[in-house]
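The following exercises are to be worked through with the sequence and the model side by side. Each task is followed by a solution in steps.

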Amino acid sequence: MNTIQVKTKQIPNWITVLLAIACGVIVANLYYAQPLVGPISIATHLPLASAGLIVTLTQIGYVAGLLFIVPLCDLIENRRLITSTLVIVICALVAAALTKDALFFLVAALFIGLGSVATQILVPYAAHLATEERRGQVVGNVMSGLLLGIMLARPAASFITDLWGWQAVFLLSAGITAILAVLLAFVLPKRAPLPTMNYGDLIRSLWSLFATKTVLRRRAFYQACLFGAFSLFWTVIPLWLASHFHLSQQGIALFALAGVAGAIAAPIAGRLADKGWTKQLTGLAIVIAIISFLLTHMYTDASLIALAFLVIAAITLDMAVSGNLVLGQRAIYSLGSEIRGRVNGVFMAVFFIGGAVGSALGGWAYAYGGWMLASIFGLCMPVIALLYYFTEKHLAHTNNIL
């Protein structure tokens, strides 16, 4: 069993805040390029038909990092692993900002995704530092920072690009991440696990964990469905806002800021999970996601009321996804400290694949059937999750963690 070179006592509030900020700053790197595909394609002479590779390769790099870097949490000292991955993302950000070659930019995008998995090393690290009775609360607080990073990245990238150009987005992020890496290297306590297997066995154990841990499979599937719906929504909604409501790029950025309010669900869900309400809150989160898509069809014209309902739907959908994410992580972290890094990597990889499917499906559906067809697909994802949720067995020993 792993040993940790820090005492299991109440984590200081400033450490929680630092970890939350770190997660937000790092994960934002995955989303900066999404609203900048147009100007990046022009600057790097990337054909518009291939512009989607900018986002796709970032996602591929992230999934690869989740599967092959995050499990190292259970093998090597965590603080050194965190700073090493941050060096990767800093170098990739600088390269992306300075290059004018399409192929070189795409390679940089791949490594931006790969290095950004530092967030998923920090989250289980925070769970290790917390006591059992406060683990959900601490994870919820840290995840709030991560979710704010996701939600603020797109509008921030648009605003910065309007002022100084898209290259400034990557250079500013590289500078901030570098400062953060130095700070984390000096202030974080060490956590050195005692390896019980080599790296090859560690990676091979990922499938075994997924196959044998019912909680892991369920939580990954729930979150894959919700995150797929979330990714579909935020991939398609800027196109719908521009074509149907005639919003400018800044107007779309302001709309995206509305989703930030959804991050409040993360710490609330964490606290309630600590009280044993995980199962009930999971069902509630899935239902809220379903209602969110139904709200978008209350008014189908281009009125202010219709736009207001879209804003409400964005907030409630983000609340459902962020709340359920914390519930899922709280559950899988209860499976044991010696496998926490690996189960987190598998969990995140599965639901991030769900997000990639949602984005791709949303773009295809919008091209052929507009918002109506895309939103139907978005609605189906949480409905599928709800049907699976109804199959849960009411066993006493799993009732509080499923």
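Predicted model: local features only at pLDDT ≥ 70, side-chain atom pairs only at ≥ 80, totals over all residues.

**Exercise 1.** Determine how helix 7 and helix 12 are oriented towards each other, and describe their contact.

*Solution.* 
Step 1. Locate the elements: helix 7 covers residues 135–164 and helix 12 covers residues 265–274.
Step 2. Read the geometry. The two axes lie 7 Å apart, at an angle of about 165°.
Step 3. Classify the angle. Angles over 145 degrees count as roughly antiparallel; helix 7 and helix 12 are therefore roughly antiparallel.
Step 4. State the handedness: helix 7 passes helix 12 in a right-handed crossing.
Step 5. List the contact. Helix 7 contributes Arg135, Gly136, Gln137, Gly140, Asn141, Ser144 and Leu147, while helix 12 contributes Ala266, Pro267, Gly270, Arg271 and Asp274.

**Exercise 2.** Classify the packing of helix 6 against helix 15.

*Solution.* 
Step 1. The axis of helix 6 (residues 119–129) comes within 10 Å of the axis of helix 15, and the two cross at roughly 135°.
Step 2. This angle makes helix 6 oblique to helix 15.
Step 3. The crossing of helix 6 and helix 15 is right-handed.
Step 4. On the side of helix 6, the contact consists of Gln120, Pro124, Ala127 and His128; on the side of helix 15, of Arg340, Asn344 and Met348.
Step 5. The contact of helix 6 with helix 15 comprises three nonpolar residues, three polar and one charged.

**Exercise 3.** Is glycine 345 buried or exposed, and which residues does glycine 345 touch?

*Solution.* 
Step 1. Glycine 345 is found in helix 15 (residues 340–389).
Step 2. With a relative accessible area of 1%, glycine 345 is buried.
Step 3. Residues up to four places away in sequence being set aside, glycine 345 touches Leu66 and Val70.

**Exercise 4.** What is the phi angle of histidine 45, and where does histidine 246 lie?

*Solution.* 
Step 1. Recall the general rule: most residues other than glycine have a negative phi.
Step 2. Histidine 45, which is not a glycine, has a positive phi of about 60°. Histidine 246 likewise has a positive phi of about 60°.
Step 3. Histidine 45 lies in the loop between helix 2 (37–44) and helix 3 (53–68). Histidine 246 lies in the loop between helix 10 (214–244) and helix 11 (249–258).
Step 4. Histidine 45 is exposed at 67% relative accessible area, and histidine 246 is exposed at 66%.

Notes
Residues numbered from 1 in each chain as written. Heavy atoms only, no water. Axes fitted to C-alpha atoms, helices over the stretch in contact; angles between N-to-C directions. Helix = DSSP H or I, 4+ residues; strand = E, 2+ residues; numbered from the N terminus. Parallel < 35°, antiparallel > 145°, perpendicular 65-115°, else oblique. Left-handed = near helix turned anticlockwise from the far one by under 90°. Contact = heavy atoms within 4.5 Å. Buried < 20%, exposed > 50% of the residue type's maximum accessible area, 1.4 Å probe, protein only. Nonpolar A, V, L, I, M, F, W, Y, C, P; charged D, E, K, R; others polar.
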